[in-house]
Amino acid sequence: MVAAGEDDDDDDGDDDEACRACEAVAAVEEMTEGKVAGDSELREAFYVFDRDEDGYVSAAELWNVLRRLGMEEGARYGDCVRMIAAYDGDGDGRISFQEFRAMMENTV
Ligand SMILES: [Ca+2]
Ligand SMILES: [Ca+2]
């Protein structure tokens with residue numbers, strides 16, 4: 001038996017959020033020229049996002065970078081918050097380098 005409402009769920013959001021995350025990943029891939037990035041390349045990309053160099057990428061930092069990359073349409077602040085939340089393994093509201101690396105490895 002198929003649960004009612006399944007279609008509604010599919011229409012509603014998860015794909016969309018994955019797509020937004022892909023934009024961030026695509027931006028990083030562009031920086032690393034589409035290669036599978038090594039640790040040092042990932043770290044470079046990470047510091048592009050980590051504007052204040054505190055070792056974490058916040059939603060505001062992600063938002064800033066995506067806008068600078070010309071993704072104003074796709075990157076609203078609320079979307080960045082959700083993107084961060086999707087990969088924020090320890091729930092502190094920001095992306096550490098380890099979480100960033102996991103994000104890249106998951107989406108590529
Ligand atoms: Ca930061
Ligand atoms: Ca975190």
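Predicted model: local features only at pLDDT ≥ 70, side-chain atom pairs only at ≥ 80, totals over all residues.
Visitor: How is the chain organised, and what is the order of its elements?

Guide: The chain has six helices and two strands. Read from the N terminus, the elements follow the order α-α-α-β-α-α-β-α.

Visitor: What makes E30 exposed rather than buried?

Guide: E30 has 11 other C-beta atoms within 10 Å. A residue counts as exposed at 12 or fewer, so with its 11 E30 is classed as exposed. E30 belongs to helix α2, which spans residues 14-31. In sequence E30 and A45 are 15 residues apart, while their C-alpha atoms are 9.7 Å apart in space.

Visitor: A45 is in helix α3; which residues of that helix are buried?

Guide: In α3 (residues 39-49), the buried residues are L42, A45, F46 and F49.

Visitor: Why are these residues said to be on the same side of α3?

Guide: Around the helix axis they cover an arc of only 105 degrees, which places them on the same side of α3.

Visitor: How do you know that the buried residues of α5 line one face of the helix?

Guide: The buried residues of α5 (residues 77-87) are D79, C80, M83 and I84. Viewed down the axis of α5, they fall within an arc of 140 degrees, and therefore they line one face of the helix.

Visitor: What is in the largest nonpolar core, and which elements supply it?

Guide: The largest nonpolar core has 21 residues, and V57, L62, L66 and C80 are those with the most contacts inside it. At least two residues of this core come from each of α2, α3, β1 (56-57), α4 (59-68), α5 and α6 (97-107). The largest share, five residues, is supplied by α4. In soluble globular proteins, nonpolar side chains tend to be buried together.

Visitor: How much of the chain counts as buried?

Guide: Of the 108 residues of the chain, 26% count as buried.

Visitor: What share of the contacts joins residues 24 or more positions apart?

Guide: Among contacts in the chain with a separation of 6 or more, 49% are between residues 24 or more positions apart.

Visitor: Why is E53 called exposed, and what is its phi?

Guide: E53 has 7 other C-beta atoms within 10 Å. The limit for an exposed residue is 12 or fewer, so E53, with 7, is classed as exposed. E53 lies in the loop between α3 and β1. Although E53 is not a glycine, its phi is positive, at about 55 degrees.

Note on methods: Residues numbered from 1 in each chain as written. Chains lettered and ligands numbered in written order. Helix = DSSP H or I, 4+ residues; strand = E, 2+ residues; numbered from the N terminus. Buried ≥ 20, exposed ≤ 12 C-beta atoms within 10 Å, placed from the backbone. Arc of directions from axis to C-beta. Contact = placed C-beta atoms within 7 Å. Core = buried A, V, L, I, M, F, W, Y, C linked by C-beta atoms within 7 Å.
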